[in-house]
Every structure is written in structure tokens, then in C-alpha cells.
Amino acid sequence: MVSERLYKRWINGLWAGERIAADLVSPDFVGHWPTRDVHGPAELQAIVDETRAALKELLFVVEVGPIIDGDIVAARWIATGATGTGPARYTGNDMLRISSGRIAEYWTGTSRA
């Protein structure tokens, strides 16, 4: 299934450090973070790079999903990494809207665990 493969590349490729945002998302991509919106592949790649710079050894484990309903993909994950002050653990949810084989829109909710 295209949506499931796309999500796996999203979480296990892009967020693992592969520079593939331009391959995964549409040119008019919009990502909705709690404090800001991110537009287009370049801004997405920048926020991923920024996150990975702040959290060394960043690793995501998908806890639930991906759950697919039409053009919507949802999943729950746990992320671990290391900051300058020690280990960090986060939990979060992803919801993505797929259009024409690419991620067109993204919503996330994340909290420190």
C-alpha cells in the first residue's frame, strides 16, 4: 500500500536523517506543528535537521499504526534521543494527508515523556 510505504519512509527515513523531504512531500506541503506551520519541502527538511541537531541519536519507534483511512494516515510513536543535558524521551502522534502519492499536509502532537 502506497500510504503505508510513504509513512515508513517518513518516520524511518526522513526522521532518521535521510535528506528526502523533497521526495516525500508535495511542493505545496503544509506541516502543522503546535507553535508554527511549515511550508514546502525545504522548510520541512530544515525543521527535521534542526530537530536532529538538538537530539543526537534520535530514534522513533511506532507504537500504534500506521492506521490508514482513505487519504489520511495516523500513527503514534515514541522518540528517544540525547540532549546536551542527557537522555530525552517524547511521545507523539502523526496525522498525514496523502495526495497524488505524496504527503500534502501533516499534523503533529508531541509531549515530553
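**View 1. A hairpin links strand 1 to strand 2 through two residues.** Strand 1 covers residues 25-33, and strand 2 covers residues 36-39. (Strands here are DSSP runs of E with at least two residues, helices are DSSP runs of H or I with at least four residues, and both are numbered from the N terminus.) The two strands run antiparallel and are joined by four bridges. If you want one to look for, find Gly31: its bridge partner in strand 2 is Val38. A quick note on what you're looking at: this is a predicted model, where local features need pLDDT of at least 70 and side-chain atom pairs count only at pLDDT 80 or more, while totals for chains, interfaces and linings use all residues. Residues are numbered from 1 along each chain as its sequence is written, and side-chain values use heavy atoms, with hydrogens and water left out.

**View 2. Strand 1 also pairs with strand 6.** Strand 6 takes in residues 102-112, runs parallel to strand 1 and is joined to it by four bridges. In strand 6, Val30 has Glu105 as its bridge partner, and His32 has Trp107. Seven of the nine residues of strand 1 are buried, so the rest of the structure largely encloses this strand. (Buried means under 20% relative accessible area, exposed means over 50%, and partly exposed is in between, using a 1.4 Å probe and protein chains only.)

**View 3. Val62 sits in strand 3 (residues 56-69).** With 31% relative accessibility, Val62 counts as partly exposed. Skip its neighbours within four places in sequence, and Val62 is in contact with Tyr7, Ile11, Ala75, Arg76 and Trp77. (Contact means heavy atoms within 4.5 Å.)

**View 4. Helix 1 (residues 2-12) has these buried residues: Ser3, Leu6, Tyr7, Trp10 and Ile11.** Down the helix axis, they fall within an arc of 125 degrees, so they line one face of helix 1. (The arc is that of the directions from the helix axis to the C-beta atoms.)

Notes. Pairing = 2+ DSSP bridges.
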